[in-house]
Amino acid sequence: MGRIVNLDGTLVAPEQAVVSVFDRGFLYGDSVYEVVRTYRGVLFELPAHLDRLAESARRIALELPWPVPRLAAESKRTVNASGNPESYLRIVVTRGEGELGLDPALARGGRVVLIAQPLTTPPPEAYRSGVTLALVGAEATGRHLREAIDPAAKTGNHLNAVLAMKAARERGAYEALLVDAQGRVTEASSANVFAVRRGELATPPLGAGILEGVTRRVVLALAQQIGIPAAEAELWPDDLCRADEVFITSTTRELVPVTHLARGEKDTVTIGSGRPGPVTLRLLEAFRARAIAEVAAARTLGA
Ligand code: PDD
């Protein structure tokens with residue numbers, strides 16, 4: 001049990017998992033990645049994550065060194081070898097190493113690193129009481145433009161999110177809320193954002209400049225199945241302040257209720273009742289049930 005690393009197809013202990021300082025992932029953030037988690041030991045929505053990895057790679061013209069079926073097989077092998085009851089799996093593909101210089105043609109071929117470690121999830125308190133999002137932006141941490149590197153690509157170039165998280169944590173918040181250049185809501189530093197208004201679910205469209213979260217997609221589908229109207233909509237921070245409920249979604253966090261929005265240093269707004277709301281909790285329950293059902297089915301199929 002614990003942490004194990006798959007380095008270009010070889011399973012090694014974390015201490016042996018070293019890559020060159022000339023790797024472009026290290027030098028330039030020239031890489032793509034995914035985070036997947038298990039339920040009952042089975043990787044949840046692995047095909048969707050690998051599709052997104054391939055799409056992220058395509059967006060930055062990075063050739064995946066392995067075909068997707070091999071990535072899937074190595075992912076499962078790594079998680080199984082870790083022996084953890086539940087695992088967090090990080091899949092990283094870099095453009096590899098080469099002579100110093102920005103030109104990708106200097107790279108001598110991609111590198112794949114898979115890290116499996118025990119899954120950690122948010123503390124129960126986050127689900128019981130909800131969390132605070134801090135609106136960041138003044139520190140130049142707004143989501144960068146789609147016309148630059150589209151946030152739809154999950155790349156290792158993560159400074160935008162790192163600085164947003166730093167700003168949020170300095171203000172005592174759990175996560176950051178990033179807006180675009182016009183001030184519209186995009187997403188959190190590593191999660192998508194949803195609002196519930198008069199029983200209806202809304203989340204920013206992909207055109208807002210966000211990552212298309214796998215959890216986001218499952219939540220939208222589930223809402224439809226259980227009769228909660230859901231739509232993509234342009235949202236402003238004020239819309240979140242006036243919403244009945246707000247929550248964020250990501251692989252490791254599922255749905256976390258947001259009960260406060262810190263707009264400024266001394267300006268924190270309570271969302272709805274200030275407690276996790278009924279629609280959020282219903283969707284969270286449905287999401288967990290769906291995850292368990294999906295992995296049970298995958299196990300039956302021998303996945
Ligand atoms: N982050 N938006 C951003 C910018 C993200 O980095 C993530 C995921 C999400 C949610 O996507 P998903 O539901 O597919 O996890 C949205 C992962 C968990 C991470 O970087 O750790």
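Residues are numbered from 1 along each chain as its sequence is written, and side-chain values use heavy atoms, with hydrogens and water left out. As the model is predicted, local features need pLDDT of at least 70 and side-chain atom pairs count only at pLDDT 80 or more, whereas totals for chains, interfaces and linings use all residues.

The ligand is surrounded by 18 residues, with Tyr33, Glu187, Val214, Thr215 and Thr251 the closest, a residue being counted as near if one of its heavy atoms lies within 4 Å of the molecule. A polar side-chain atom of Tyr33 lies 2.7 Å from a ligand oxygen atom, an N or O atom in the side chain of Thr215 is 2.5 Å from a ligand oxygen atom, and for the side chain of Thr251 the corresponding distance is 2.6 Å. On its own the ligand has 470 Å² of accessible area, of which the protein covers 92%, as computed by the Shrake-Rupley method with a 1.4 Å probe.

Two or more residues of the shell around the ligand come from each of β3 (31-39), α2 (46-59), α6 (214-225) and β13 (245-250), where helices (H or I, at least four residues) and strands (E, at least two) are DSSP runs numbered from the N terminus. By class, the shell comprises five nonpolar, nine polar and four charged residues; Ala, Val, Leu, Ile, Met, Phe, Trp, Tyr, Cys and Pro count as nonpolar, Asp, Glu, Lys and Arg as charged, and the others, Gly among them, as polar.

The ligand takes up the space of the largest pocket, a molecule being assigned to a pocket or cavity if more than half of its atoms lie within 2 Å of its grid points. On a 1 Å grid over the protein atoms alone, a pocket is an open set of points with protein on both sides within 12 Å along at least five of seven lines, a cavity is a set where a 1.4 Å probe fits but cannot get out, and lining residues have an atom within 4 Å of a point. The largest pocket has a volume of about 610 Å³, taken as the space filled by probe spheres set on grid points that are joined across faces, edges and corners. Its lining consists of 35 residues, and Tyr33, Lys154, His158, Ser190 and Leu211 lie nearest its centre.

Two cavities of 30 Å³ or more were also found. The largest cavity, with a volume of about 50 Å³, is lined by Arg37, Tyr39, Phe44, His49, Val214, Thr215, Thr251 and Phe287, with β3 and α6 each giving two or more residues. The second largest cavity holds about 40 Å³ of space, and β14 (254-264) gives the most to its lining, with three residues. Five nonpolar, two polar and three charged residues make up the lining of this second largest cavity.

Note on methods
A polar contact is a pair of N or O atoms within 3.5 Å; within protein, one must be able to donate a hydrogen and the other to accept it, and residues adjacent in sequence count only if both atoms are side-chain atoms.
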